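The structure is shown first, and the description follows.

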Amino acid sequence: MREISVGSTPTAGSSNTLYTVPTGYRALWVLYYVHNTGSNTKTFTMQWYDSSANATYDILNGDSFTAKETLQVSGSYIVLEEGDQVKCTPESGSTFTVVLTLELIGNQRA
């Protein structure tokens with residue numbers, strides 16, 4: 001198992017892929033940190049794309065963040081399979097910082 005952290009300042013007003021689980025791995029998504037670094041209240045959406053089901057699940061859905069507000073979620077995890085993605089869409093005109101921490105595990109296949 002190997003822990004990694006991924007940081008991003010995603011492009012406002014469009015969907016951003018923050019992380020894609022590489023072939024041959026699973027990942028435990030153990031922490032995320034979202035910070036509105038701007039001076040106005042803005043919304044933020046974060047999603048898990050499940051590649052095996054070709055489905056997208058909202059983690060945050062247009063949640064409102066006041067200026068300089070932060071959110072840190074840890075203590076539980078989401079299991080991601082190879083090809084799964086973590087995506088986000090910050091509101092147009094916003095500035096956010098996002099940090100993800102994941103534990104990568106090589107797939108054990110029979």
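## Accessibility of the charged residues

Arg-26 has a relative accessibility of 32% and counts as partly exposed, and Glu-81, at a relative accessible area of 34%, is partly exposed too; on this scale buried means under 20%, exposed means over 50%, and partly exposed lies in between, with a 1.4 Å probe and protein chains only.

The model is predicted, so local features need pLDDT of at least 70 and side-chain atom pairs count only at pLDDT 80 or more, while totals for chains, interfaces and linings use all residues. Residues are numbered from 1 along each chain as its sequence is written, and side-chain values use heavy atoms, with hydrogens and water left out.

## The salt bridge

Side chains of opposite charge can pair when their charged atoms come close. A search of the whole structure gives one salt bridge, a term that requires a side-chain nitrogen of Lys or Arg within 4 Å of a carboxyl oxygen of Asp or Glu. Arg-26 and Glu-81 form this contact through their side chains, at 3.2 Å from N to O. The two residues are 55 residues apart and link distant parts of the chain, with Arg-26 in strand S3 (residues 25-36) and Glu-81 in the loop between strand S6 (70-80) and strand S7 (85-90). Strands here are DSSP runs (E, at least two residues), numbered from the N terminus.

## The sheet around S3 and S6

Four strands make an open sheet in the order S1-S8-S3-S6, with antiparallel pairing, where two strands pair if DSSP finds at least two bridges between them. Strand S1 (2-8) and S6 are the edge strands, each pairing on one side only.

S3 and S6 are joined in the antiparallel sense over eight bridges, and Val-34 has Leu-71 in S6 as its bridge partner.
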